[in-house]
Amino acid sequence: MAAVDNAPPAPVVTVTSTRTVAPAAAKCVLATFDLPYITFYYNQKLLLYRLPNGASDFPDAVARMSASLSDALAYFYPLAGRIRQDDHDGSLSIHGQHGAEVIEASADHVSVDQLAGEECSEEAEKVMQLLVPYTGVMNLEGLNRPLLAVQLTRLRDGVAVGCAFNHAVLDGTSTWHFMTSWAELCRGGGAPSLLPVHNRGMARSVRVNLPLPASAEAHEKTDPNGPKVPLVARVFSFPPSAVARAKAAANAALPPGAKPFSSFQSLAAHIWRAVSRARALGPSDITVFAVFADCRARLSPPLPPAYFGNLIQAVFTGVPAGMLLAGPPELAAGLLQKAIDDHDAAAITRRLEEYEAAPKLFHYSDAGPNCVAVGSSPRFRVYDVDFGFGRPERVRSGANNKFDGMVYLYPGRGGDGGIDVELSLQPEPMQRLDKDQDFLQMRAP
């Protein structure tokens, strides 16, 4: 008689081990598009708001904005990290969740109207520069400092929101994407309506060994053109009618079928000519215009507007000042239009490959002594940044990244096509610009 096997059947599934898996530590490798800005400075933006009940609303506003900033950084996590350089290949990346810096301040004797008025006094300009953090801080310092700093300042009847963003981490498009998303969360939104895209390999996956200077001071000492010159910053507001006149003047003599000039190209040409007159350039002096162009839609395939990072390149065109000023407005507008149109996907790739083959640490003076450069766009919806107490009364830039001829363009607050031109020049050319009738008459309502 055979023996009966009473052993239990082998289990179908055998557990061999158990462990806990945590999310990967936040890391974001900087792309070639990001690297040229490591020796620029933190981008500073200032937004001025009235509070319904004046300064008494400030504590609640700070509490809400701080809580929603924490929520926003969960979505825009690179801004909460620090920059590190890889010991092996020299590439730069963002690591960790160290957080942003939030500063509270008070200026109880300063009103919103003193700072947001059409004609800002010299004293008000000085006050505004105290409302934004990290003045004089180079992006290189993101190896040890927060990549985002926010200063919330109590005013007599409102709040000043001053922000400093590490420019090696993001460009203007991403800056205002973050700001509108933060404001949306502060108003009670469950999530940003446009989620950021953090895969920088979509733009460029080459790792670049970038030798870094020992310090910001060490880099500035290598500038072949010496120390920075004193500057005066002014805001010139062009109402919609003035923008339309500049566009009409640039397009007046175009032949049938020619591509018309945009409002940006027309106004930029007007500014370029006026600044060249104010500088009293000689006929053979070369003057250069630079536009920091958004490359998202220019790449092949294009990248989405929600791509978070730097995706800009400087586009240059130059001409002798005598030709620029003797020619009609369409000459300057045509030079700008051609330079912008020619900067296609192939041109972008060539620029990236050139940089990757010979990485460089830039200075402002690399643009040349007679440069006019535009570093912002009137398409940015800066006046839609509503934290729950209304639209900002005024949006301005801080002192960082301003050099002779630097221009920031903002939409007019009315949202009707006006453009505010924030321009930095040396004192004497600025005085001449203030007396330039051609420039002033174009601004008239």
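**Note on the interface between domain 1 and domain 2**

1. In this predicted model, 76 residues of domain 1 are in contact with 53 residues of domain 2. The domain assignment places domain 1 at residues 14-217 and domain 2 at residues 228-442. Taken over C-alpha atoms, the centres of domain 1 and domain 2 lie 24 Å apart.

2. The area buried between domain 1 and domain 2 amounts to about 5400 Å². Carbon and sulfur atoms contribute 60% of that area. Within domain 1, the residues that lose the most area to domain 2 are Phe33, Tyr49 and Trp176. Together, Phe33, Tyr49 and Trp176 account for 13% of what the domain 1 side buries.

3. Four salt bridges are found across the interface of domain 1 and domain 2. A salt bridge also joins the side chains of Glu125 and Arg396, with an N to O distance of 3.1 Å.

4. As to secondary structure, the side of domain 1 that touches domain 2 draws at least two residues from each of strand E2 (43-50), helix H1 (58-75), helix H2 (112-116), helix H3 (122-129) and helix H4 (172-186). Helix H4 gives the most to this side, with eleven residues.

5. Sorted by class, the side of domain 1 that touches domain 2 comprises 48 nonpolar, 17 polar and eleven charged residues.

Notes:
Residues are numbered from 1 along each chain as its sequence is written. This is a predicted model: local features need pLDDT of at least 70, side-chain atom pairs count only at pLDDT 80 or more; totals for chains, interfaces and linings use all residues. Side-chain values use heavy atoms; hydrogens and water are left out. Domain bounds come from an automatic or database domain assignment. Contact means heavy atoms within 4.5 Å. Buried area is the accessible area (1.4 Å probe) that two parts lose on being put together, summed over both. Helices (H or I, at least four residues) and strands (E, at least two) are DSSP runs, numbered from the N terminus. Ala, Val, Leu, Ile, Met, Phe, Trp, Tyr, Cys and Pro count as nonpolar, Asp, Glu, Lys and Arg as charged, and the others, Gly among them, as polar.
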